[in-house]
Amino acid sequence: MGVFDHAEFDDHESLHFINDAATGLRAIIAVHSTTLGPAAGGCRRWSYAGDTDALTDALRLSRGMTYKNAVAELPFGGGKAVILANDNAPKTPELLSAFGRAVNSLGGSYITAEDVGMSVDDMRHVQQHTQYVSGLPQSGGSAGGDPSPWTALGVYLGIEAAVSVRLGKDSLAGLTIAVQGVGHVGLYLCQLLHDAGAKLIVADVNRENLDAVSNAMPVEIVAPSEILFANADVLAPCALGNVLTTATIPNIKAKIVAGAANNQLSTLADGERLSAREILYAPDYVINAGGIISVSHEYYGGSSEDQVRADVAKIPARLHAIFAEANETGRPTNELADELARRLIAVGKK
Ligand code: NAD
């Protein structure tokens, strides 16, 4: 497995391969950049086809965190951890402890939190072994805890911004929104969209998660293979990455793609493909920054939920600026977001 010449390597500062024979923990911690602060980004536990896929995911996700944190103006660089899930390494407290020790061994250059396949409870175990963790339960109106509701709020506000620009509407009432993945973020997002009067089409590969959403509100459930092509005004990818590809983009009916999933575009050129079809794409790491905004307030301490809410509310203005530039220049939104991120990092370096 090539590392330094990997297509997604992008000058990562360091990569850490963790093997704990006692618990079966196998993990990769990728530190992309510490230019703007410690490399912060969640930990994903996923069943990968192989180590190569896990490495690719870690590299892409950690670079995305550098860009996300820069654009959100957080005092964080970017990093990410992936835990390779398999039957021989169940998610036991011991395995989570081994992960916590691994995070601790990096001395604060990487700060972890929950992502797909990890929960607030898991972070409590991790916390037994390191202070470099966030996304822990809070009380009394303090900032922090599960980042998912904040991610959902930012995505919701971002969808409103995209709808106003692309559809010329100042309300989501009566619009149809297709949500791919109704896990932690997707469920909260559906609730906000439903409360705003939107009609929902949803899909998930997990029956329990579908039951949870359909018990909470009226939704039309479609097969996972159909959701990207649903007859909807907005498509909100809230499952995994790589969903916007040469194969899927020609068949998307929505005029807007705006969701929580990281790395929605399979390649940079897919942003151009969306733009050519006049589908307005809200760059994933700009719209889904709500969770890391909460993590940042929690990690540095002394903040309230109201401060998190105020910072999450800045997401639509960032999107509006990118949408306006795309409109003026005819360039794809993902390229403009990447340029903005790189500019901010360069300023930080100076
Ligand atoms: P989650 O694991 O709770 O939810 C993901 C959901 O997607 C699950 O219900 C899963 O069954 C479903 N899913 C997986 N493959 C699917 C498919 N092919 N079709 C339909 N559904 C499928 O994860 P989450 O925390 O809700 O995060 C969702 C996405 O948002 C991820 O890409 C994550 O990286 C990103 N994100 C999450 C946060 C956060 O605060 N949790 C923050 C930023 C970005």
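This report describes the ligand site of a predicted model.

## Basis

Local features need pLDDT of at least 70, side-chain atom pairs count only at pLDDT 80 or more, and totals for chains, interfaces and linings use all residues. Numbering starts from 1 along each chain as its sequence is written, and side-chain values use heavy atoms, with hydrogens and water left out.

## The shell

The ligand is surrounded by 25 residues, each with a heavy atom within 4 Å of it. The closest are T151, H184, D204, N209 and A239. By class, the shell holds eleven nonpolar, ten polar and four charged residues; Gly counts as polar.

Domain 1 (3-67 + 75-127) and domain 2 (148-288 + 317-344) both contribute to the shell, so the ligand lies between them. The domain bounds come from an automatic or database domain assignment.

## Polar contacts and burial

Polar contacts are pairs of N or O atoms within 3.5 Å. The side chain of T151 places an N or O atom 2.6 Å from a ligand oxygen. For the side chain of R44, the distance to an oxygen of the ligand is 2.8 Å. S148 has a polar side-chain atom 3.3 Å from a ligand nitrogen.

Taken alone, the ligand exposes 820 Å², and the protein buries 87% of that (Shrake-Rupley method, 1.4 Å probe).

How values were computed: A polar contact is a pair of N or O atoms within 3.5 Å; within protein, one must be able to donate a hydrogen and the other to accept it, and residues adjacent in sequence count only if both atoms are side-chain atoms.
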